[in-house]
Amino acid sequence: MTQSEQLFERAVKVIPGGVNSPVRAFGSVGQSPRMIASADGAHMTDEDGITYLDFVGSWGPMILGHNHPAVREAVTKACEQGLSYGAATKREVEMAELICGPVPNLEMVRMVNSGTEAVMSAIRAARGYTGRDKIIKFMGCYHGHSDALLVQAGSGVMTAGIPGSAGVPEGCTQDTLSAIYNDTESVQKLFDTFPDEIAAVIVEPVGANMGVVPPQQGFLQDLRAICTKYGTVLIFDEVITGFRLAFGGAQEYFGVDADLITYGKIIGAGMPVGAYGGKKEIMEQVAPLGPVYQAGTLSGNPVAMAAGLAQLSILKNHPKIYRSLNQMGSWFFGEIKKIAEESQIPATVNTCGSLGSLFFTNETVRNYETAKTSDTAKYTDYFRYMINHGIYLAPAQFEAMFLSAAHTRKELEDVLEFVRDYML
Ligand SMILES: *Cc1c(COP(=O)(O)O)cnc(C)c1O
């Protein structure tokens, strides 16, 4: 038995499913997880000393690669000054100033500890601001694990093949309406039925939790126009796309304005950080300024802020990183697409910036239903082939591949060779 297997045997006895987040389980690919001991650059090493080229990047945060020296140094220095004070600090001010300027429509921002918290709080702010209860989400989009949003969600919920979650009272989801991604008509119909009741439309501007599903031409613009018309708050959940597609996220990349934006993942550079922010008149509703209550003992934690500040400063000061990451993504996923087209195996490739997915289906994947046509058994087989060759992909079909600035062209060319070997 490997070290990973031995550890997993111990883990399942004391941790549900042996993991602290379902997406880490290798259940859907019929394996037990590799226990990761360390990571550096584009690589991770497990407890058995096996090194992998990593395409998960902690599910997004590691856009500069693992163990970046500037981030590590900032964290080490912050640790020496104490881990938490439960009081206001300079780094929180610097963090807010760093992002409220360069990011469109981000006039005020509040730090929290996860993407889940960010989204949950943004929804509350939107409801408080509008005085309305209903929200629209899209099938296959994942917005964290809070009660109201576990409705036909993506990511681990989709992999598990369940519509929602046990333990969520009907009352918690009765105001959550589901629409179809890339289908403006499905949104308009909900507004026709409830013209004065919808507080917010929340969307992943690039779907990245049903595999990668980019917005079709005009979709985000349509959502903007509808929300403006009905006085509804448009929330871009940029937990994955924020600071990834561009420093200004999907708003900048697609040139569409949101009213509220939620963050996680990259903003903490690997530390547990989330944030929500946007238009001043909405954010002014949040306590202690306004009547929408939201709080957090460890929010804006000094060590977490040090990590995020270090990573975001590099990204902000070197826009070239985005040009080269997005170019690398379009080349790399473009090559996989060519291979998929040549292959006898039903396969389709979606990509946006440094995100991409290989779906085992012949359908064009543009929403939840079409993503669901993927052959997950085939993905399992592909996943096993790749991990046996030292390539660490997400252990589930309905997740993205993440490129980082630490991936080299040579490494990606080697990966393409393995993809070719498998597909052709
Ligand atoms: C990961 C994710 C979340 C939840 O973030 P956590 O930090 O896991 O709570 C929310 N929205 C999107 C789009 C995500 O990808």
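Guide: Happy to! This is a predicted model. Let's start with glutamate 417, which has a relative accessibility of 41% and counts as partly exposed.

Visitor: Why is glutamate 417 called partly exposed?

Guide: Buried means under 20% and exposed means over 50%, with partly exposed in between. Glutamate 417 has 41%, so partly exposed is the label. Arginine 420, at 26%, is partly exposed too.

Visitor: What makes arginine 420 and glutamate 417 a salt bridge?

Guide: The cut-off is a side-chain nitrogen of Lys or Arg within 4 Å of a carboxyl oxygen of Asp or Glu. Here the closest N and O atoms are 2.5 Å apart, so the pair qualifies. Both sit in helix 15, 3 residues apart, which means about one helical turn separates them. Salt bridges that share partners join Glu417 and Arg420 with Glu335 and Lys338 into one network.

Visitor: How do you know that glutamate 335 and lysine 338 are paired?

Guide: Their side chains meet at 2.9 Å, N to O, and the limit is 4 Å, so that's a salt bridge. These two are 3 residues apart in helix 12 (residues 320–342), so again it's about one helical turn.

Visitor: Are glutamate 335 and lysine 338 buried or partly exposed?

Guide: One of each! Glutamate 335 has 17%, which is under 20%, so it is buried.

Visitor: What about glutamate 413 and arginine 409: how far apart are their closest N and O atoms?

Guide: They're 3.3 Å apart, which is within 4 Å, so this counts as a salt bridge as well. In helix 15 (residues 409–423) they are 4 residues apart, about one helical turn. By this rule the count comes to 8 salt bridges.

Visitor: What makes the patch with aspartate 48 negative?

Guide: The patch is formed by Glu5, Glu9, Glu47 and Asp48, and Asp and Glu count as negative. You'll find aspartate 48 in the loop between strand 2 (43–46) and strand 3 (51–54).

Visitor: And how do you know that the size of the chain agrees with a compact globule?

Guide: With 424 residues, a compact globule would have a radius of gyration near 22 Å, and the chain has 21 Å, so the two agree. Of its residues, 56% count as buried.

How values were computed: Residues are numbered from 1 along each chain as its sequence is written. This is a predicted model: local features need pLDDT of at least 70, side-chain atom pairs count only at pLDDT 80 or more; totals for chains, interfaces and linings use all residues. Side-chain values use heavy atoms; hydrogens and water are left out. Patches are made of residues with over 30% relative accessible area and no salt bridge: like charges are joined within 9 Å, nonpolar side chains (Val, Leu, Ile, Met, Phe, Trp, Tyr) within 5 Å. Accessible areas come from the Shrake-Rupley method with a 1.4 Å probe; for residues, only the protein chains shown count as cover. The place of a charge is taken as NZ of Lys, CZ of Arg, CG of Asp or CD of Glu. The radius of gyration is taken over C-alpha atoms; the globule rule is 2.2 Å times the number of residues to the power 0.38. Buried means under 20% relative accessible area, exposed over 50%, partly exposed in between (1.4 Å probe, protein chains only).
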